[in-house]
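Biologist: I am new to this structure. Could you walk me through it, one feature at a time?

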Amino acid sequence: MLKALRLATAAAIAIAAPFAAQAAETVEVAPATADRMVTVSAYDPIGQSFTATTDTLSSFGFRFGTLNASSPNTPLTFRLLAGETLTGSALFTQVFTLPSTIAQRGDLAWVDIALPDLPVTMNSIYTAVLTATSSRAGLQVGPGYSYSPPGLKSGDVYAGGKLLSTGTTYSNCAGASNNCDAVFRYTGEVNAAGAVPEPATWALMILGFAAVGGALRKRGSRSLAFNPA
């Protein structure tokens, strides 16, 4: 009987377990007109603020190129900060180097920094910050700019944050009207523990808990049968 009780309990737990599962989510901001580049070392610390739409972060990436391919490929430093800021204590820090595929102007590549399923607060603002010692690394930003006729090719494509830098990279990347964004992406997980079960799943749960209840009642009946008092 104890074995049956354990099996029934395990079945109920297995049915309920999916509600504690997490759903992976990737957010990518890559404006179609992002044809401008910012040399990281010229404006560092430089970064992108963003609004978390997940409960954890497992990676954060920027798309890099170069405006100075002859400069040495020395490491950059990535830091993640709470709030829309370029300074403060880092929640996470990682040193990395650009891939060798960025060898000349026009070469672009994503560089994704792995994070240890870092807990964040959904709908709160964070900033991914970069610093560099060489002028090799170029950060791709948008919106693009047309020189003939002069003007921006598009407006602000990401309302959840903006490009932040030490000094003004472009005239539209400063002040309250800042509509610049780095080309970036992040991946995280959304805690689905509070999700409402579908009807079919409710039915499976009820069957599982009914099995537990039945096993408990049967166990109680047998105990009374062997206890004449």
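## Reading the model

Modeller: Start with V157. Leaving aside residues up to four places away in sequence, V157 touches V29, P31 and D181. Keep in mind that this is a predicted model.

Biologist: Where is V157 found?

Modeller: V157 sits in the loop between β11 (150-152) and β12. V157 and A32 are 125 residues apart along the chain, and their C-alpha atoms are separated by 9.6 Å.

Biologist: How does V157 count in terms of accessibility?

Modeller: Relative accessibility decides that. Under 20% is buried and over 50% is exposed. V157 has 46%, so V157 counts as partly exposed.

Biologist: Now the strands. How do I read a sheet?

Modeller: Strands of a sheet pair through backbone hydrogen bonds, either parallel or antiparallel. Here, five strands form an open sheet. Their order is β6-β5-β8-β3-β12, and the pairing is antiparallel.

Biologist: Which strands stand at the edges?

Modeller: β6 (92-96) and β12 (163-165) do. Each has a single partner strand, so one side of each is left without a neighbour in the sheet. From one strand to the next, the twist averages 20°.

Biologist: How many bridges join β5 to β6?

Modeller: Five bridges link β6 to β5, which covers residues 76-82. The two strands run antiparallel. Take L76 as an example: its bridge partner in β6 is F96.

Biologist: What about the nonpolar core?

Modeller: In soluble globular proteins, nonpolar side chains tend to be buried together. The largest nonpolar core in this model has 38 residues. F62, F64, F78, L80 and L139 touch the most other members. Strand β7 (residues 109-119) supplies the largest share of this core, five residues.

Biologist: Which residues does F78 touch?

Modeller: Beyond four places in sequence, F78 touches a list of residues that includes F60, F62, F92, F96, I113, L115 and L130. The C-alpha atoms of F78 and L130 are separated by 4.9 Å, although these residues are 52 apart along the chain.

Biologist: Is L130 buried or exposed?

Modeller: L130 has 0% relative accessibility, so L130 counts as buried. L130 is in strand β8. Among the residues L130 touches, beyond four places in sequence, are V40, I46, F62, F64, F78, F96 and L139.

Biologist: What else does S134 touch?

Modeller: With residues up to four places away in sequence left out, S134 touches S41, S71, P72 and T74.

Biologist: Last feature. How many disulfides does a search of the whole structure find?

Modeller: One. The test is sulfur distance: a pair of cysteine sulfur atoms must be within 2.5 Å. C173 and C180 form the disulfide, with sulfur atoms 1.8 Å apart.

Biologist: Why is the disulfide left-handed?

Modeller: The torsion about the S-S bond of C173 and C180 is about -70°, so the disulfide is left-handed.

Biologist: And are these two cysteines buried or exposed?

Modeller: C173 has 6% relative accessibility and counts as buried. C180 has 0% and counts as buried too.

Conventions:
Residues are numbered from 1 along each chain as its sequence is written. This is a predicted model: local features need pLDDT of at least 70, side-chain atom pairs count only at pLDDT 80 or more; totals for chains, interfaces and linings use all residues. Side-chain values use heavy atoms; hydrogens and water are left out. Buried means under 20% relative accessible area, exposed over 50%, partly exposed in between (1.4 Å probe, protein chains only). Two strands pair if DSSP finds at least two bridges between them. Helices (H or I, at least four residues) and strands (E, at least two) are DSSP runs, numbered from the N terminus. Axes are lines fitted to C-alpha atoms, for helices over the stretch in contact, and angles run from 0 to 180 degrees between N-to-C directions. Contact means heavy atoms within 4.5 Å. A nonpolar core is a set of buried Ala, Val, Leu, Ile, Met, Phe, Trp, Tyr and Cys residues joined through side-chain atoms within 4.5 Å.
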